[in-house]
Amino acid sequence: MELNVKIIILQLLSLTAVLFIGVTVRAGEGEYVRRPPRKAFRLPWDPKPSSQPQQVHISLAGDKHIRVSWVTTDKSSPSIIEYGTSTGKYSFKAQGESTKYSYLLYSSGMIHHTVIGPLQDNTVYFYRCGGEGPEFQLKTPPSKFPVTFAVAGDLGQTGWTKSTLDHIDQCKYDVHLLPGDLSYADYIQHRWDTFGQLVQPLASARPWMVTQGNHEKENIPFIVNEFISYNSRWKMPFEESGSTSNLYYSFDVAGVHTIMLGSYTDYDEYSDQYRWLKADLLKVDRKKTPWLVVLFHVPWYNSNEAHQGEADDMMTTMEPLLYAGGADIVFAGHVHAYERTKRVNNGRPDPCGAVHITIGDGGNKEGLARKYKLPQPDWSVFREASFGHGELAIINLTHASWSWHRNDDDEPVRSDQVQITSLIGSGCSSVAGSHELRKILVDP
């Protein structure tokens with residue numbers, strides 16, 4: 001008994017130290033002052049049976065398959081999904097897997113992951129988790145253009161978060177893209193549970209494809225492995241895309257190949273992520289997926305005073321690969337503001353580079369990053385410190401429409417809008433599949 005008490009005290013002391021260090025580092029990043037934090041958004045208490053599914057969300061899991069994830073407090077609840085195309089009539093049934101984790105004094109519920117399919121494209125399915133509880137419905141993405149992505153990063157759980165989610169719920173989209181910083185649990189594990197409840201109405205209906213941010217790093221040296229909460233709860237299709245880590249992966253939707261990279265795992269030229277990225281880019285068939293979209297957390301092109309220089313090493317290592325591969329659009333978060341660039345590469349405007357968009361303005365508890373560097377760089381087109389979300393509508397193999405919607409406005413109002421032409425047919429050697437492309441991607 002005495003030994004157990006000592007272990008608990010040691011763990012709490014370690015957690016206190018980590019929290020202190022984390023607050024100090026974040027307070028020292030940049031010389032800007034954030035707005036006062038928005039109050040946390042709290043869902044009303046709704047006690048449920050221990051076997052009833054909670055925190056339901058879905059994600060893509062390979063061609064014509066979707067992974068359904070949910071949590072139950074009943075450790076014996078089965079990981080089964082019943083589903084079909086008519087409400088209340090479940091023609092199909094799939095068996096999945098379950099896991100759980102402990103974090104200091106916290107023990108998670110049973111976390112279930114079940115893959116269903118093959119599914120029809122652009123079709124509504126009705127499903128039930130664990131053989132009981134309420135019926136949910138989802139819509140699969142289309143197999144051909146047009147296809148629309150909702151994009152918002154750094155969500156958190158505030159009144160602004162709820163406003164962002166309400167705005168997204170009003171738009172017609174097929175897949176949600178989230179470039180890191182989901183729950184802002186920051187070591188307080190029950191906040192992962194409340195985040196799952198908050199996003200369930202949207203995340204149970206459309207695939208949510210996410211990557212990690214700094215707020216997903218919850219490691220306590222010698223006690224808790226980093227990303228244990230994130231990896232346990234938000235399983236992405238890394239195995240389906242040939243990756244060995246849930247922190248980086250890729251997937252196809254209609255004619256779009258999307259790559260999710262990890263800003264907080266090794267990315268140097270000797271790393272597994274670097275080797276995987278080269279291999280993944282070589283597999284891209286621009287005839288089948290003429291658009292190439294990339295997401296990661298820390299922006300490479302950022303004229304805000306917040307988080308300057310944090311991604312320099314990753315950019316130096318990986319930008320040549322994305323340039324060679326012909327990336328069209330790159331989304332990032334981390335900076336709590338919005339910014340859009342011209343097509344850019346190696347720090348300069350370049351017609352064969354990617355459009356970079358920072359969209360870390362989903363509603364986090366830390367407020368907005370209001371101070372921008374002056375003068376505005378020539379590669380920066382539009383920048384504003386407001387909460388909001390974006391919508392990327394890929395219309396056909398050459399044209400797309402991007403719009404950013406400020407939370408302060410009604411959903412139909414587009415605060416920033418631009419038509420983007422893909423690199424296909426542009427004459428850029430990277431997209432044309434030239435000898436130079438294969439040389440940079442194949443060479444060690």
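Asp181 is placed in the loop between β12 and α3 (190-203); helices (H or I, at least four residues) and strands (E, at least two) are DSSP runs, numbered from the N terminus. The model is predicted, so local features need pLDDT of at least 70 and side-chain atom pairs count only at pLDDT 80 or more, while totals for chains, interfaces and linings use all residues. Residues are numbered from 1 along each chain as its sequence is written, and side-chain values use heavy atoms, with hydrogens and water left out.

Although Asp181 is not a glycine, its phi is positive, at about 65°. Asp181 is buried, with a relative accessible area of 1%; buried means under 20% relative accessible area, exposed over 50%, and partly exposed in between (1.4 Å probe, protein chains only). Tyr187 lies in the loop between β12 and α3 and also has a positive phi, of about 80°, without being a glycine. The relative accessible area of Tyr187 is 13%, so this residue counts as buried.

Asp181 is one of the residues that Thr211 touches; contact means heavy atoms within 4.5 Å. Thr211 itself is found in the loop between β13 (208-210) and α4 (228-233), and is buried with a relative accessible area of 1%. Leaving aside residues up to four places away in sequence, the contacts of Thr211 include Leu178, Pro179, Gly180 and Leu182, as well as Tyr230, Met260 and Phe296. The side chain of Thr211 reaches the backbone oxygen of Leu261 at 2.9 Å. A polar contact is a pair of N or O atoms within 3.5 Å; within protein, one must be able to donate a hydrogen and the other to accept it, and residues adjacent in sequence count only if both atoms are side-chain atoms.

## The six-stranded sheet

Strands β12 and β13 belong to an open sheet of 6 strands with the order β13-β12-β11-β22-β23-β24 and mixed pairing. The edge strands are β13 and β24 (416-421), each of which pairs on one side only; two strands pair if DSSP finds at least two bridges between them. Neighbouring strands of this sheet are turned by 20° against each other on average, direction ignored. Strands of a sheet pair through backbone hydrogen bonds, either parallel or antiparallel.

Within this sheet, β11 (residues 147-151) and β12 (residues 175-178) pair in the parallel sense over 3 bridges. Ala150 stands opposite His176 in β12. Helix α2 (residues 159-170) lies across β11, β12, β13, β22 (388-394) and β23 (399-406), and runs at about 25° to β22. Axes are lines fitted to C-alpha atoms, for helices over the stretch in contact, and angles run from 0 to 180 degrees between N-to-C directions.

## Cysteines

A disulfide is a pair of cysteine sulfur atoms within 2.5 Å, and by this rule the count comes to 1 disulfide. The bond is formed by Cys352 and Cys428, whose sulfur atoms are 2.0 Å apart. The link of Cys352 and Cys428 is left-handed, with -85° about the S-S bond. Cys352 lies in the loop between β19 (348-349) and β20 (354-359) and Cys428 in the loop between β24 and α7 (429-432), so the pair ties together parts that are 76 residues apart in sequence.

| Residue | Relative accessible area | Class |
|---|---|---|
| Cys352 | 18% | buried |
| Cys428 | 3% | buried |
| Cys129 | 0% | buried |
| Cys171 | 9% | buried |

## Cis peptide bonds

Gly117 and Pro118 are joined by a cis peptide bond with omega of about 5°. Pro118 lies in the loop between β8 (110-116) and β9 (124-129). The peptide bond from Leu374 to Pro375 is likewise cis, with omega near -5°, and Pro375 is found in the loop between β20 and β21 (380-384).

## The chain as a whole

The secondary structure of the chain comes to 8 helices and 24 strands. Buried residues make up 58% of the 444 residues in the chain. Among contacts in the chain with a separation of 6 or more, 70% are accounted for by residues 24 or more positions apart. The chain exposes about 19,000 Å², of which carbon and sulfur atoms supply 53%; accessible areas come from the Shrake-Rupley method with a 1.4 Å probe, and for residues only the protein chains shown count as cover.
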